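Trainee: I would like to learn how to read a protein model feature by feature. Can we take one case and work through it?

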Amino acid sequence: LAHLGHFREGPREQADLNARKFVWMQQSITTAIEPEAQFSYEVMDEAEVPGDVVHAFAEATGESLRNSCRHANVPGHEVTRAVHVRLSPNAVTVTILDDGRGFEPSQVAPTRLGLSVGVLGRMRDLDGGGARIVSVPGGGTTVSLEWRRA
C-alpha cells in the first residue's frame, strides 16, 4: 500500500480550470465510463478550481463510477446511475449515486484498493478534501466527494 501511495502522491500536472470547464470535465468522465448515467450540475461560483483539486476529483469520480459499474448490477433490474456536480462559493461537491445492489461499507476489506485508496484516500489527502460513502445492501450507494476552499 505504501508503494502504491507513492505513485498516487507523485507530481500532478493538472491545470487549474474555471468552473464551467470543471463541469465539462466531470461530464466527460461520466459519459466515458457510463454513457447512460444522468448528469446534472449547479454553478454558483465561477472561481478557478485548483489543479490538484481537479485531478483528485477526476480520479475519485472515475473510480466511483467504475466501482458502481462493476459491483452494483442486480439481475433483472436496470441500475440507474447519476452524477451531480455543485460549485458553491466555498466548496466543490460531486455526488455519485446508484440504485443498485448496495453493500455494507464496514465489510469491505482494507485490501480493496478502489475505495480505500482510489476514493477515500485520494480525497482525504487533498487539503480541504473529504469523501463519504453511504450504502445499504439492497438500497444502492451514494459517494459524496467534497473540497472546501481555505
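Mentor: Start with a hairpin. Strands β2 and β3 form one, with two residues between them. Keep in mind that this is a predicted model.

Trainee: In which sense do β2 and β3 pair, and over how many bridges?

Mentor: The sense is antiparallel. Strand β2 covers residues 81–88, and eight bridges join it to β3. Val83 stands opposite Ile96 in β3.

Trainee: How many of the residues of strand β3 are buried?

Mentor: Seven of the eight residues in β3 (residues 91–98) are buried, so the strand is largely enclosed by the rest of the structure. Take Thr95, which lies in β3. Its relative accessibility is 18%, so Thr95 counts as buried; the cut-off is under 20%.

Trainee: Which residues is Thr95 in contact with, leaving aside neighbours within four places in sequence?

Mentor: Thr95 is in contact with Ala82, Val83 and His84, and also with Thr142, Val143 and Ser144.

Trainee: Now a helix. Is Thr61 buried or exposed?

Mentor: Thr61 sits in helix α3. At 0% relative accessibility, Thr61 is buried. Look next at what surrounds the residue. Not counting residues up to four places away in sequence, Thr61 touches Gln26, Ile29, Val94, Ile96 and Leu145. With Gln26 there is also a polar contact between side chains, at 2.9 Å.

Trainee: How do I read salt bridges?

Mentor: The general idea is charge. Side chains of opposite charge can pair when their charged atoms come close. A search of this whole structure finds seven salt bridges.

Trainee: Where do Glu46 and Arg20 lie in the chain?

Mentor: Glu46 is in the loop between β1 (38–43) and α3 (51–71), while Arg20 is in helix α2 (residues 19–33). They are 26 residues apart, and the pair links distant parts of the chain. Their side chains meet in a salt bridge at 3.6 Å, N to O. Glu46 is partly exposed, at 46% relative accessible area. Arg20 is also partly exposed, at 36%.

Trainee: What does Asp45 meet in a salt bridge?

Mentor: The side chain of Asp45 meets that of Arg149, at 3.6 Å, N to O. Asp45 lies in the loop between β1 and α3, and Arg149 in the segment after β5 (141–148), so the pair ties together parts that are 104 residues apart in sequence. Arg149 is partly exposed, with a relative accessible area of 23%.

Trainee: What about a salt bridge within one helix? How far apart are Glu63 and Arg66?

Mentor: Glu63 and Arg66 are three residues apart in helix α3, which means that about one helical turn separates them. Their closest N and O atoms are 3.6 Å apart, and they form a salt bridge. Compare the exposure of the two ends. Glu63 is buried, at 15% relative accessible area, whereas Arg66 is partly exposed, at 31%. Salt bridges with shared partners also join Glu63, Arg66 and Arg70 into one network.

Trainee: How do I look for pockets?

Mentor: Rolling a probe the size of a water molecule over the atoms shows where empty space is left. In this model, the largest pocket holds about 410 Å³ of space. Its lining counts 23 residues, with Asn67, Ser68, His71, Phe103 and Leu115 nearest the centre.

Trainee: Which elements give two or more residues to that lining?

Mentor: They are α3, β3, α4 (113–124) and β5. The largest share, six residues, comes from α3.

Definitions and conventions. Residues numbered from 1 in each chain as written. Predicted model: local features only at pLDDT ≥ 70, side-chain atom pairs only at ≥ 80, totals over all residues. Heavy atoms only, no water. Salt bridge = Lys/Arg side-chain N within 4 Å of Asp/Glu carboxyl O. Helix = DSSP H or I, 4+ residues; strand = E, 2+ residues; numbered from the N terminus. Buried < 20%, exposed > 50% of the residue type's maximum accessible area, 1.4 Å probe, protein only. Pairing = 2+ DSSP bridges. Polar contact = N/O pair within 3.5 Å; in protein donor to acceptor, adjacent residues only side chain to side chain. Contact = heavy atoms within 4.5 Å. 1 Å grid on protein atoms, 1.4 Å probe; cavity = no way out; pocket = protein on both sides within 12 Å on 5 of 7 lines; lining within 4 Å. Points joined across faces, edges and corners; volume = space filled by probe spheres on them.
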